[in-house]
Amino acid sequence: MRKNKIIYSLSTRGLYSELFNLCLAMVYARQKNLHIELNTYLWNSRFKSGWIDYFESTIESSNNSFSAQDKVYTNEKPWIGKVYYKPKEFFTFYYRSFLNQIYKIVHPRHLLTKDIFKEMRSSDFIYNALGDNAFNLMESSFKQIYILNPKTKNLIKQRIRELEIPDDYIGVHIRRGDKITSKEMNYIHNQKYVKAIVDHKMLSNNIYIATDDTGVINSLKTELESLGFIVYYNLQNDSKGFDEAVFNQTAKQHRYKETINVLLDMEILTHSKFFIGTYTSNLSRVVPFYLGIDHCISLDNEWNIINSINGL
């Protein structure tokens, strides 16, 4: 039976990891001539409605518990010992699998996230189906859906005005937290960021620092100001390093606040004169969609869609 729709679930990873993979799923759906619908039932950033908590209704979405899936990047079943050690995790896995099977019986022409996740991220699909056009296809998909709703846009505009950032500035993104501890990316020393900023000082002496660990700001701020730079940053950010597991256990109100903080950082970074980041971070990978590759540098990997999806 020919399939006609993908139900793609946002789940429990970092915000821009979820959005980056969603865009890849959209590209995959177009290539396969399939309709795509979003499911935000298990999305860790869902506050009330899901997608429209933050964005315009740019993609059809629902909160259907029967088609919702998480941990789609692994087919590993919970070890039987988890019945004792982590009973909730063990039974949730099989409960969700049961709901998914019912959904597939009722909707035999629909594909769920796990049905496409491995193939859409495969080298074969990336190289053969997308080829040299991968960046443009991902950029187009991202801009198609990433449109802030009026409430989010007004909140972010108000907070940006309060920061009094001038029109010309260099945007810097410094990723710490579980990306480092899980060894998904190498630790980039602060001095490497300082050197990159100094190397581009002819562009601006105003610097906006976005980070998931505010501990890096004070040391960078002191050093950069001694070199004649003016440093700006999100004053409401109090994160000490993003940890996905911890984030997912916090209250919805806290997760909403943190999501707004990240959306604010992205809004500022995508309007910078030049961007310095690391392309092992999904947030950094998105900025070139708005500034162009030539106005961005990465202090680790080059922008490459295979590298972009390996870190989930």
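Tutor: Lys 257 forms a salt bridge with Glu 258, with the closest N and O atoms 3.2 Å apart. A salt bridge is a side-chain nitrogen of Lys or Arg within 4 Å of a carboxyl oxygen of Asp or Glu. This is a predicted model: local features need pLDDT of at least 70, side-chain atom pairs count only at pLDDT 80 or more, and totals for chains, interfaces and linings use all residues. Residues are numbered from 1 along each chain as its sequence is written, and side-chain values use heavy atoms, leaving out hydrogens and water.

Student: Is Glu 258 buried or exposed?
Tutor: Glu 258 counts as buried, because its relative accessibility is 13%. Lys 257 is at 31%, so it counts as partly exposed. Buried means under 20% relative accessible area, exposed over 50%, partly exposed in between (1.4 Å probe, protein chains only).

Student: How many salt bridges does a search of the whole structure find?
Tutor: Nine. One of them joins Asp 212 and Arg 175, at 2.7 Å from N to O.

Student: Where do those two sit?
Tutor: In distant parts of the chain, 37 residues apart. Asp 212 is in the loop between strand 6 (206-211) and helix 10 (215-226). Arg 175 is in the loop between strand 5 (170-174) and helix 8 (178-181). Helices (H or I, at least four residues) and strands (E, at least two) are DSSP runs, numbered from the N terminus. Both Asp 212 and Arg 175 are buried.

Student: New topic. Which residues of helix 1 meet helix 5?
Tutor: Leu 24, Val 27, Tyr 28 and Gln 31. Their partners in helix 5 are Phe 125, Ile 126, Ala 129 and Leu 130. Contact means heavy atoms within 4.5 Å.
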